[in-house]
Amino acid sequence: MSTPRTTGIELKTRRRALAEAVELISSMRFAISLLTLIAIAAIIGTVLKQNEAMPNYVNQFGPFWFEVFRKMSLYAVYSAWWFLLIMGFLVASTSLCIVRNAPKMLKDMRSWRENVREQSLRNFHHKAEWRAPLARAALVRQTVERLAYAGYKAKVVEKDGATLVAAKQGAANKWGYIFAHSAIVIICIGGFLDSDMPIRFQQWFMGKTPFAGSGVIADIPAKHRLSLSNPTFRGNTMIPEGSSSDTAIIPQADGVLIQDLPFTIFLKKFHIDFYSTGMPKLFASDVVIKDHATGVSFPATIKVNQPLLYKGLAVYQSSFEDGGSKLKLTGYPMAGAGTTRFDIAGEVSGATPLALSSGESFSVEWSGFRPFNVENLAAGQDLRAVKQGTSLNEQFAVGLDKRLGSAGKNANNKDLKNVGPSVQYKLRDKTGQAREYLNYMQPVTVDGATVFLAGMRANPADQFSYLRIPADDGHSVNEWMRLRAALQDPALRAQAAQRYAARAMPQAGAEALRLQLQESAKRSLSIFAGNGKESGFLAISRFLEKVPAAEQEKAADIFMKILNGSLWDLWQAARAKDALAPVSADEVHGRFLQLATNALSDSFFYGAPVYLQLEDFTEVKASVLQVTRSPGKSVVYLGCLFLVIGVFSMFYIRERRLWVWIKDHADGADALMAMSTQRKTLDFEKEFENLKTKLPQSA
């Protein structure tokens, strides 16, 4: 059975549909729609941080919206399939527009438009007529000369007993449209060459997959590595001082790809200078480059905005990190009645096992170290730790991150202080759960009090909340740790209650009242010490909620007086147990006890069985370099040049057309002038009036 042939009508219908589709894609309305979508995508890509770790998005948006945004590829907008599709349509639309209109524009630029008639010139809005006492040939010659003087090119055409002088100026205006539209195509092509599409093609068709594990880079299999022939990439490499690297890391949504480099970078020395505000002023890397192909080595210095260019690659100074600083710390128990300190050492980016006397085991993951920190320590700030959702505790506590900020926010702030070194680490238990801590090495003075700042956060996306531990007379945390341990010792609490009752009621014959006060003091210390679920001011607030509302204020006042007095005697009892002399009852030690009480209350939310205080360190710096291969950069530069030429041509070159129809008359010759332009401006009006005045003048 034969297949019926396509009829002429069907063929015409298909051609008409194709022509309509081409007309739509190459139309202005289609291009504007695409540019609107690109603008919306750019807004999303600007507001929403791109290419972050996926857990950060889960913490920010929650599991439901995280999955919705992931399906829409909003975490990597500029490499999303739909964004690339829009860009592809934009390139196709602009290219078709050029193909359709450029030949017409070029033809129009060469055209003199001499196919006009006298009557059509009379219909122009800008026209003028005059009679000259010259012969037609002389008037034509004079008109051509004056138009040439005015900057016009002219052509003389004989027309049915008359002569037409066709003139034009600014025809190069059409190049503006061609160059501007071509620039869009060229820039998009350059952007495509520098995009991650070549890497995606390798993942789709060459079996390359991101590496999501851990280990030595040299041992990572080839399927996770990109070869030297990879046409474009942008990756980072972190090199500690005295170490080298011949690979770059390219982050992916579900891991990383390893990009091999044609040379090895050895970091000799990393330099960094700071402003007085603590913001980096200059950082640079002294490196030695060794070419793998030739074995030649040469030194170089890579600075910000001064990259190293070698073998088609650019190596930029991106940032700096810790390269594995050696840390020595002292550990203090934060749970139970023990006071035994211990030494612990670690290396940044490493982990140290931690076994406690209670039988618990942890892993300390050292995540960061800073040799100094410039912070805003303005007076009038309360820097205790905050735990949201606690009634009484919220009245006493404000997070440090609410008050402290980058020193670069206000270079003229006189409250900026260098608070010294800090160490950042995660404490991970045997179930894999971890909290992150940030402890400062030296005490700082806030509101006239000298305190140690200990930060904590449960999630990486959260800000640190800070525990403020008061420094004792020896500028250490020893006295606060002694008081904390004593608060957890029932025997010392009972002894402190007895001492307080005896001190508060020393008179004879008041044994019954003294025993009653002793029992109240013991109970107040017990409530403040906590029951494992609640402690500190939160536990007190829960206790006071049981008191009738009319009596709560009076009860709270009495409770706090008994607690403050009992804590003083608890401190003295703890010192006596350690064979230390009692401290003097003065304003300084009263202030210390007040701050210590607040810190004891907040320590319940610190959530760590130990407090690690930095004692000594050996800093090791590391430089973070960005290595790029961008073949599309020159293409984008060419596109930008075309765009400048195109915009300049469109806005600053005005196309004008002028015709002069000259015919014989008994007394000489009659002339009819008509003039037109695409954009009627004030300058055009002035030019027309000028030509209307000068062209009719006789020689």
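1. Arg113 sits in the loop that links α4 (81–110) and α5 (118–122); helices here are DSSP runs of H or I with at least four residues, and strands are E runs of at least two, numbered from the N terminus. The phi of Arg113 is near 50°, a positive value in a residue other than glycine. With a relative accessibility of 31%, Arg113 counts as partly exposed (buried means under 20% relative accessible area, exposed over 50%, partly exposed in between, with a 1.4 Å probe and protein chains only).

2. The model is predicted: local features need pLDDT of at least 70 and side-chain atom pairs count only at pLDDT 80 or more, while totals for chains, interfaces and linings use all residues. Residues are numbered from 1 along each chain as its sequence is written, and side-chain values use heavy atoms, with hydrogens and water left out.

3. Ala579 also has a positive phi, about 60°, although it is not a glycine. This residue lies in the loop between α15 and α16 (587–602). Ala579 is exposed, at a relative accessible area of 70%.

4. The protein chain holds 18 helices and 26 strands. Its radius of gyration is 41 Å, well over the 27 Å that the globule rule gives for 699 residues, so the chain is more spread out than a compact globule. (This radius is taken over C-alpha atoms, and the rule is 2.2 Å times the number of residues to the power 0.38.) Along its principal axes, the C-alpha trace spans about 145 × 70 × 65 Å.

5. Of the 699 residues, 43% count as buried. The largest nonpolar core has 59 residues, of which Trp366, Trp480, Leu570, Tyr606 and Tyr611 touch the most other members. Such a core is a set of buried Ala, Val, Leu, Ile, Met, Phe, Trp, Tyr and Cys residues joined through side-chain atoms within 4.5 Å. Helix α15 (residues 552–577) gives the largest share of this core, eight residues. A second, separate core of 23 residues includes Leu267, Ile289, Leu308 and Val627.

6. Helix α11 (residues 478–487) deserves attention. Nine of its ten residues are buried, so this helix is largely enclosed by the rest of the structure. Among the buried residues of α11 are Glu479, Arg482 and Arg484, as well as Trp480. Leaving aside residues up to four places away in sequence, Trp480 touches Met334, Ile469, Pro470, Phe592, Ala596, Ala599, Leu600 and Ser603, where contact means heavy atoms within 4.5 Å.
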